[in-house]
Amino acid sequence: MKYESQSVAKNYFIFAMVLFAGQAVFGLIMGLQYIVGDFLAGYIPFNVARMVHTNLLIVWLLFGFMGASYYLVPEESETELYSPLLARIMFWVFAAAGVATILGYLFVPYSKLAELTFNELLPTMGREFLEMPTITKIGVVVVVLAFIFNLGMTILRGRKTVINMVLITGLIGLAVFFLFSFYLPDNLILDKFFWWFVVHLWVEGVWELIMGAILAFTLIKVTGVDREIIEKWLYIIIALALISGLIGMGHHYFWIGPSEYWLWLGSIFSAIEPIPFFMMVVFAFKMVRERRMEHGNQVALTWALGTAVMAFLGAGVWGFIHTLAPVNYYTHGSQITAAHGHLAFFGAYAMIVMTIISYAMPIMRGRPQGNCMRAQKLERTGFWIMCISMLGITLALTVAGVWQIVLQRLPDDANALSFMATQEQLHPIFWVRLVFGLTFTSGIAVYFTSFFVGDAKGLVVNEDLALQKASQA
Amino acid sequence: MADNFTKGMARNIYYGGGVFFFLLLMGLTFDTMLVLPERDHRENITEAVAEGKKIWENNDCVGCHSLMGEGAYFAPELANVFDRYADSDSDGVGDDQATFEAFLQNWMAIQPLNVPGRRQMPQFNLSKEDVHNLSEFLIWTSRVNDNDWPPNKQG
């Protein structure tokens with residue numbers, strides 16, 4: 001570790017992984033509820049399990065982005081973090097707020113939670129992904145502002161590298177767009193229009209800048225490729241992300257009230273959205289192929305390449321298949337949406353966080369060339385189990401979605417099957433999905449185990465690289 | 001990568017493209033704000049409709065249901081539930097508000113249905129006024145011009 005203050009990232013990464021495990025547990029609960037509809041009814045209604053699952057996702061990704069930023073900004077800036085103390089305090093504030101919110105969801109009926117947290121003073125509760133009480137939202141703003149301030153001061157004092165500037169731009173965008181979560185009008189259509197300013201402009205906008213910066217940083221460190229080349233690629237990727245994604249937001253405006261011209265603008269621009277993800281694949285593979293060094297942490301490279309591929313599949317391909325308005329008319333709000341959402345979020349954002357963890361954690365634990373080979377192999381096994389399982393979940397949901405559309409959406413009023421009757425028909429496919437959910441969770445367990453194993457001699461550092469080099473001498 | 005396409009050019013495309021399309025988005029947002037009143041019939045957002053939206057939010061209905069296709073996919077789409085249950089002349093559009101509200105009052109009161117294995121809707125302990133407001137909200141929602149979505153009654 002080049003700068004002592006980078007170590008504040010450790011707690012953020014560890015907590016992110018704890019929340020990830022929690023997210024998976026609630027995913028499994030819902031997977032079973034899809035089939036055994038009254039499973040845990042009265043204790044954990046589906047909507048509670050869902051808000052825990054999705055909110056844990058968002059919060060663990062935020063912890064991951066924060067850890068990534070606290071790790072890479074000092075190194076990029078070539079100066080210590082402005083205030084490690086502030087970063088440590090904010091970790092505990094954010095963690096406490098997060099835990100309290102999740103406990104609130106689980107132990108208090110939602111309408112009661114709204115009452116207890118004085119929602120009526122500034123109502124912001126009751127929307128998808130933004131279920132957290134207003135006071136939690138205010139807490140998030142405080143934590144994120146402190147985080148950006150800390151990083152901003154660090155960058156101001158040090159080198160304003162392209163990676164730093166792209167990252168901080170993405171993070172400022174994240175903060176600014178989050179403010180739209182406080183706007184909750186009586187008019188449902190205005191509500192929905194601006195809700196997407198948080199969700200779309202996050203995941204199909206500024207989060208792509210954050211992901212690009214983290215990927216670029218990791219590739220520079222592990223391949224040794226010239227910074228100039230990597231920075232050029234980063235600019236191209238984020239240029240395409242914004243050029244496609246800003247007006248591409250229109251693909252959410254097809255069926256919620258805005259005018260017909262959004263059907264054209266949204267379709268055309270969002271059809272371009274896969275391109276930056278495709279460029280990330282080309283970029284990552286090219287940098288690895290043209291690498292100038294053999295870094296000991298090979299599994300970090302596996303994660304980097306895997307992230308690019310899975311993000312392209314989930315966000316790019318699965319996004320594209322239902323983004324054109326004539327198709328989306330039938331697929332909107334179906335299991336196709338769930339299929340795309342899972343693979344996109346996992347492939348792009350869950351995986352980029354695990355990529356930086358794979359690279360940075362060993363270093364912070366005193367293993368600059370990565371964990372020992374045995375641990376890396378186990379980590380790679382966890383990687384493959386998770387990736388294949390998520391692809392399995394996605395394929396199952398895609399089949400379910402197509403069948404749902406055939407039964408429920410394509411026929412006319414007289415012949416269409418009802419929602420509930422259709423869901424019954426999909427049960428066999430939901431069983432397949434649940435099985436992949438179980439294997440995915442086992443993948444997480446394998447992945448976690450890799451952090452705790454040493455090699456046959458009980459060593460934990462990657463000695464193999466030194467041995468290889470010695471034997472080649 | 002061709003060497004005559006420099007990092008500086010890439011950076012300029014990012015800045016230029018980013019700013020241009022952001023401004024375009026702002027322009028289209030402004031235009032949408034001007035056009036929406038004709039499409040959302042906001043003059044019909046009565047106090048009951050507004051209160052109904054609060055009931056919808058405070059009970060996290062969107063956690064199981066979708067509304068205009070957005071939300072969860074565990075339970076039926078509700079933007080067109082008025083069309084589904086109160087279309088007395090079978091033209092695809094709901095028309096019988098009284099019947100719809102009566103249906104909803106009964107539906108909300110009898111939850112949970114306790115059918116073994118069936119996806120269960122909780123009892124939300126709503127007052128009759130709450131359910132009236134919720135009904136008004138769902139009726140208003142069904143009348144928004146959303147480019148003819150969903151494709152059929154089932155949502």
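Mentor: Happy to! Two residues are in contact when heavy atoms lie within 4.5 Å. This is a predicted model, in which local features need pLDDT of at least 70 and side-chain atom pairs count only at pLDDT 80 or more, while totals for chains, interfaces and linings use all residues. Residues are numbered from 1 along each chain as its sequence is written, chains are lettered from A and ligands numbered from 1 in the order written, and side-chain values use heavy atoms, leaving out hydrogens and water.

Let's begin with B:E57. With a relative accessible area of 6%, B:E57 is buried (under 20%, using a 1.4 Å probe and protein chains only). Beyond residues up to four places away in sequence, B:E57 touches A:Y110, A:M125, A:G126, A:L184 and A:D191. The B:E57 side chain also makes a polar contact with that of B:K53, at 2.6 Å (N or O atoms within 3.5 Å, one able to donate a hydrogen and the other to accept it).

Now the packing. The largest nonpolar core has 200 residues, and A:W207 and A:F346 touch the most other members (a core joins buried Ala, Val, Leu, Ile, Met, Phe, Trp, Tyr and Cys through side-chain atoms within 4.5 Å). Helix α7 of chain A, residues 188–223, gives the most to this core, with 26 residues. Leaving aside neighbours within four places in sequence, A:F346 contacts residues including A:F20, A:M310, A:M386 and A:F440. Apart from this core lies another, of six residues, among them A:F254, A:W255, A:Y329 and B:W149.

How values were computed
Buried < 20%, exposed > 50% of the residue type's maximum accessible area, 1.4 Å probe, protein only. Helix = DSSP H or I, 4+ residues; strand = E, 2+ residues; numbered from the N terminus.
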